[in-house]
Amino acid sequence: MKHLSKLTLIAAVFAIASIAQSAHHEGSEMPIDIHDIMEKGLKDDRRAGTVGLKTKVLKGEATVDEKKDLLAMFLSLEKFKVEKGDQEAFDAKADALTDAMIGVMAGVDGSLAKLEDAVNCKACHSEHKPD
C-alpha cells in the first residue's frame with residue numbers, strides 16, 4: 001500500500017507540474033496585474049477582515065479553485081520584468097513560490113513550510129518594488 005501511495009503522489013506531482021507549465025505557456029501574454037496578485041493573493045487586511053489566498057492555503061482553508069488561482073498568480077509573477085533590482089533574483093523568488101505551490105497542491109510533505117518561507121514580502125519588496 002505504501003508503494004502505491006508513493007506512486008500516486010509522484011503521478012500527482014507530475015500532473016500538476018504539467019498543468020502548471022501548460023497554463024504558463026498557453027496563458028495570455030499579459031500576466032495577472034501585480035496589484036491583483038498582492039491584493040487578492042498575498043495581502044491580509046485585518047481592518048477589513050479579509051485574508052489573501054496565501055493565508056487560506058497556509059491555514060488549510062483554501063478550496064481547490066483558490067489554490068489554482070494562487071498558482072496562476074505565481075506563474076504570472078514569472079512573466080514580470082522588474083524595474084528595480086536583479087531580474088535573476090526576482091525570477092528565483094517567483095520560481096520558489098511556484099514550486100512550493102505545486103508541492104502543496106500535490107500534497108508533498110514540507111510544501112506548506114516551503115511556501116511560508118517563499119512568501120517573504122519584505123525580501124521581495126526591498127529588492128524589487130519601485131520607489
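Biologist: At 25% relative accessibility, Lys56 counts as partly exposed. Which cut-offs define such classes?

Modeller: Buried means under 20% relative accessible area, exposed over 50%, and partly exposed in between (1.4 Å probe, protein chains only). This is a predicted model: local features need pLDDT of at least 70, side-chain atom pairs count only at pLDDT 80 or more, and totals for chains, interfaces and linings use all residues. Residues are numbered from 1 along each chain as its sequence is written, and side-chain values use heavy atoms, with hydrogens and water left out.

Biologist: With which residue does Lys56 form a salt bridge?

Modeller: Side chains of opposite charge can pair when their charged atoms come close. A salt bridge is a side-chain nitrogen of Lys or Arg within 4 Å of a carboxyl oxygen of Asp or Glu. Lys56 forms one with Glu66, their closest N and O atoms being 2.8 Å apart. The pair links distant parts of the chain, 10 residues apart: Lys56 is in helix α3 and Glu66 in helix α4. Glu66 has 16% relative accessibility, so this residue counts as buried.

Biologist: How many salt bridges does the structure hold?

Modeller: The structure holds 5. One of them joins the side chains of Glu127 and Lys93 at 3.3 Å, N to O. Because Glu127 lies in helix α7 (residues 121–128) and Lys93 in helix α5, this pair ties together parts that are 34 residues apart in sequence. Glu127 is partly exposed, with a relative accessible area of 36%, and Lys93 is also partly exposed, at 22%.

Biologist: How many helices and strands does the protein chain have?

Modeller: Helices (H or I, at least four residues) and strands (E, at least two) are DSSP runs, numbered from the N terminus. The protein chain has 7 helices and 0 strands. Of its 131 residues, 27% are buried.

Biologist: Which residues does Leu97 touch?

Modeller: Contact means heavy atoms within 4.5 Å. Leu97, found in helix α5 (residues 87–106), touches Phe74, Leu77, Leu115, Ala118 and Val119, not counting residues up to four places away in sequence. At 8% relative accessibility, Leu97 counts as buried. Among contacts in the protein chain between residues at least 6 apart in sequence, 62% join residues at least 24 apart.

Biologist: Is Ser76 buried or exposed?

Modeller: Ser76, in helix α4 (residues 64–77), has 5% relative accessibility and therefore counts as buried. A polar atom of the Ser76 side chain lies 2.5 Å from the backbone nitrogen of Ile32.

Methods:
Polar contact = N/O pair within 3.5 Å; in protein donor to acceptor, adjacent residues only side chain to side chain.
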